[in-house]
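The sequence and the model come first.

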Amino acid sequence: MFVRSFFLLLFSLPMLSQAATLDYYLPLPIEHYQSNIAKPSETLGFELGERHVRHDQLKQFFYKLSAQSDRVKLTTIGHTPQLREQFLVTISSPKNLANLDTILEKRQVRADQKATTDGPLVVWLGYSVHGDEISGANASMAAAYHFAANQSPEFETILENTIIVLEPSINPDGMDRFVNWVSTFYNNTPNADPNHIEHHQSWVSGRTNHYWFDLNRDWLLLAQDESKNRIKYFHHYQPNVLGDFHEMGANSTYFFQPGIATRTHPLTPKSNTKLTSDIAKYHAKALDEHNRLYFTQESFDDFYYGKGSTYPDVNGGIGILFEQASSRGIEQDTINGLLTFEFGIKNQVLTSISTVQGAWDNRNELKSYRKKFYQDALKLAKKQKFKGYIFQEKKDKYRLEHFLDKLAQHRISVYPLTQDYQVNDKKYNKETSYYIPLAQTQYRLVQALFDQGTSWQDNTFYDVSGWTMPLAMNIDFDQVKSTRGLKLASTTWSKQIPKQQVIAKNAYGYAFEWHHFLAPKLLNELLAHDIKARVATKPFSTEIAGELRNFATGTIVIPAALQKNDTQNVDWQQLMIDASHAANIELFSLNTGLTVQGVDLGSRSLKPLIEPKVMLVGGHGISQYEAGEVRFYLDQMLNIPVSVIDHVRLSRIDLSYYTHIILVNGDYSKLSKTSIKKIKHWVNTGGVIIGQKRGAQWLAKQQLLNAEFVSKKQLNKLFDTEGLNYEDKEALSARKRISGTIFESTIDNSHPLGYGYDDSYLPLFRNSTLMMEQPKQPFVTLAKYAKEPLLSGYTDSKLQQRVAKSAAIIAHNIGKGRVIASTDVLAFRGYWLGSAKVLANSLFFSKAFNASMKAPDKKNKVDKKSHNKDKSTP
């Protein structure tokens with residue numbers, strides 16, 4: 001076990017009369033560095049730590065560094081949603097850089113190849129994935145200067161045999177959001193008061209990216225552009241070691257891994273922790289030399305593979321998390337004394353350099369580890385009682401290809417079927433089915449994505465415990481115990497360019513089916529251009545090209561009789577055809593309004609649809625993550641505009657402009673009486689309000705939602721605490737939490753809010769203990785949990801039983817309006833495509849259902865204590 005070091009010295013610096021110069025950060029005297037390499041201050045116009053560097057200034061420094069040094073190569077890897085450049089900085093010997101592509105190609109591990117121990121070591125250092133944890137991005141400049149200008153013969157030897165990769169800013173958009181904040185409140189006279197506004201950001205914080213996503217949860221899920229841009233290069237370099245540099249609360253010190261050993265994912269080899277501990281000695285030595293406080297083996301875990309410090313662990317490398325106490329400004333008073341921005345930067349510089357040195361001294365062990373990691377993967381696959389996974393999605397091409405694309409980005413081999421196949425009395429059609437063999441180099445990653453584990457050695461989790469990707473995307477899958485009779489293509493899946501269909505422009509009407517993931521996008525595009533559309537609330541059958549075609553409820557019908565070209569002679573049919581091609585959704589030409597079976601096209605069962613006008617309530621106290629997930633799903637994936645309005649402004653807003661209001665998880669207790677009165681009037685006169693988690697709980701408290709919530713007191717009674725000692729407190733707390741688990745629900749797909757679901761099976765994601773009792777009144781429960789609901793992740797058996805008695809989604813009338821409530825996160829982290837459709841259905845079909853509910857019971861008490869409040873975590 002690695003021995004933790006603690007020092008009794010205060011870790012604060014004395015107040016400096018002027019900004020620290022570069023030599024403060026470097027381990028060698030400044031004369032040991034090449035004089036022709038410009039210092040950061042010569043590019044920035046100020047010293048490191050004197051101010052917070054913007055992304056454009058950071059980029060300017062690295063462009064100049066690459067121009068001055070033949071050790072440095074700068075590579076653009078993509079752009080953020082706000083069009084800031086993402087770039088990598090590769091530092092090595094000139095010879096290695098000249099042959100970089102060849103070197104990296106030889107490192108590639110493919111299904112038919114073995115990992116090699118030849119070639120240079122690769123060390124990747126990533127900084128400030130949370131944009132407001134900015135000491136890392138600033139430290140990257142000093143670290144890069146050290147690597148590029150260090151003239152010592154020993155370091156030249158390292159560079160001849162090592163490739164160092166820096167990602168100076170993993171989250172450029174969040175970084176600049178934070179820098180703009182602290183710069184706005186920057187004082188000429190330093191102010192260390194923790195209460196000063198400089199240290200307290202507004203909503204949303206710089207932690208998240210443009211869409212308010214935590215990019216340090218997205219390495220596995222690949223929902224965001226920044227992550228997709230990076231992952232290609234991660235697999236191109238395949239680092240032996242990856243350092244992930246963060247910040248934590250101001251009253252902490254400095255953390256580096258290993259973390260809590262019992263909270264490491266079982267797919268990670270035990271030798272990974274051993275190597276992490278070996279390299280940790282170098283961090284300890286570097287910090288000891290400067291009398292810096294630090295700790296290890298506490299707080300943080302290595303379980304969820306979607307973080308920068310864990311994704312390498314399932315890809316043959318060693319991921320290492322670093323956490324610096326954050327000054328969240330220039331300086332801040334803490335329990336350890338004065339914490340300065342400069343002090344934090346120096347710690348990150350010291351451990352950046354110690355990471356490279358520690359990796360270099362352990363290079364043989366790291367190379368052997370990587371080779372054995374992939375060799376063992378094939379051996380482990382052979383020990384399993386099944387051969388691989390088979391999956392299918394019969395109707396929704398988008399969800400299927402979205403899933404396939406994520407697997408391909410993770411370098412997982414997936415093969416199309418060439419013949420139909422049967423598993424457990426279930427038919428997998430060759431046209432829509434694929435097979436993933438376990439026997440491949442990415443065995444561990446395959447298992448990480450498909451596994452449905454529910455209990456581990458230590459059931460305390462820093463992040464989610466269940467993230468099974470096919471469940472999230474509602475993709476049907478099975479284990480294949482024998483491949484006998486399984487016929488596969490000889491090559492792996494690759495994305496195909498869709499063929500455009502020819503659509504007649506003289507039809508009676510047109511139709512498209514709602515099971516397509518992008519059907520809401522197509523519908524909204526049509527409605528936005530004043531093309532009239534209706535939804536079928538009853539099925540019908542009609543002849544299409546001489547064959548009988550059955551259309552389910554939820555089918556969208558565009559009757560020609562209702563359309564008109566505007567004064568500019570816009571061709572509505574061509575606009576509709578172009579939109580269907582863009583969404584890759586089949587558009588059916590209807591030649592008559594008289595159907596063969598079911599309702600005719602002029603029936604009142606085809607309900608008129610209107611373009612939704614969506615308000616998303618935001619502001620201080622509202623979860624920026626859940627708000628971001630809703631915004632991302634509607635705005636980025638479906639092209640539906642979302643008006644984000646701070647809750648403090650609601651009393652001044654004309655609500656009549658909006659058709660829908662969405663309340664995600666958050667604290668709504670500060671809404672004024674005027675705002676509440678306006679919302680109630682708006683709903684009763686026809687508005688649709690959607691509440692998620694504490695947003696739903698607030699609706700119940702305001703007598704808008706008729707639902708009873710399980711109280712904290714009721715949940716506490718589930719757990720016997722007799723005989724527990726103080727040391728059992730943490731374990732009990734873990735049992736009482738649902739930190740991130742997947743549950744099975746049954747959705748009523750005959751309900752308009754359930755349109756587009758082929759069957760009633762729907763996995764839902766839950767990360768709180770907030771529960772709604774199942775209503776006794778019929779027709780108001782859209783989704784309820786299965787009798788044995790746990791699908792993936794950990795939840796104590798007592799809570800499982802309580803969840804099984806709960807309603808997942810409730811919807812009912814209130815006056816002329818509708819209220820829709822869920823205790824689950826419907827669009828979790830941008831990859832939960834299965835349940836996200838409920839949100840789209842709520843926008844378009846909320847007036848297609850009629851489920852009256854008796855007036856809410858005014859005696860119904862709502863538990864004021866929140867359940868598992870969102871909290872910012874590294």
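Two strands pair if DSSP finds at least two bridges between them. Helices (H or I, at least four residues) and strands (E, at least two) are DSSP runs, numbered from the N terminus. The model is predicted: local features need pLDDT of at least 70, side-chain atom pairs count only at pLDDT 80 or more, and totals for chains, interfaces and linings use all residues. Residues are numbered from 1 along each chain as its sequence is written, and side-chain values use heavy atoms, with hydrogens and water left out.

**Sheet and helices**

An open sheet is formed by four strands in the order 11-14-10-15, with antiparallel pairing. Strand 11 (415–416) and strand 15 (476–480) are at the edges with a single partner strand each, so one side of each has no neighbour in the sheet. Five bridges join strand 10 (residues 388–392) to strand 15 in the antiparallel sense, and Gly388 is opposite Val480 in strand 15.

Axes are lines fitted to C-alpha atoms, for helices over the stretch in contact, and angles run from 0 to 180 degrees between N-to-C directions. Helix 12 (residues 397–409) lies across strand 10 and strand 14 (433–437), at about 150 degrees to strand 10. Helix 13 (residues 443–450) lies across strand 10, strand 14 and strand 15, and runs at about 50 degrees to strand 10.

**Nonpolar cores**

A nonpolar core is a set of buried Ala, Val, Leu, Ile, Met, Phe, Trp, Tyr and Cys residues joined through side-chain atoms within 4.5 Å. Buried means under 20% relative accessible area, exposed over 50%, and partly exposed in between (1.4 Å probe, protein chains only). The largest core has 179 residues, of which Phe391, Phe512 and Leu705 touch the most other members. Helix 23 (residues 833–844) contributes the most to this core, with seven residues. A second, separate core has 77 residues, including Ile158, Met175, Val182 and Phe373.

**Aromatic pairs**

Rings of Phe, Tyr and Trp (its six-membered ring) pair if their centres lie within 6.5 Å; planes under 30 degrees apart count as stacked, over 60 as edge-to-face and the rest as tilted. The whole structure contains 51 aromatic pairs. Two tilted pairs are tabulated.

| Pair | Centre distance | Plane angle |
|---|---|---|
| Trp219 and Tyr311 | 5.9 Å | 40 degrees |
| Phe255 and Phe295 | 5.3 Å | 50 degrees |

Trp219 lies in the loop between helix 7 (172–184) and helix 8 (225–237), and Tyr311 in the loop between helix 9 (270–288) and strand 7 (318–325), so this pair ties together parts 92 residues apart in sequence. Trp219 is buried at 3% relative accessible area, and Tyr311 is buried at 0%. Phe255 and Phe295 are buried too. Ring pairs also link Phe386, Tyr389, Phe391, Phe403, Tyr434, Phe450 and Phe477 into a cluster.

A charge sits over a ring if NZ of Lys or CZ of Arg is within 6 Å of the ring centre and within 35 degrees of the ring normal. Arg51 sits over the ring of Tyr186, 4.1 Å from its centre, and Arg631 lies over the face of Trp212, 4.4 Å from the ring centre.

**His235**

His235 is in helix 8 and is buried, with a relative accessible area of 3%. Leaving aside neighbours within four places in sequence, His235 contacts Gln108, Tyr311, Asn315, Gln409, His410, Arg411 and Gln442.

Technical notes
Contact means heavy atoms within 4.5 Å.
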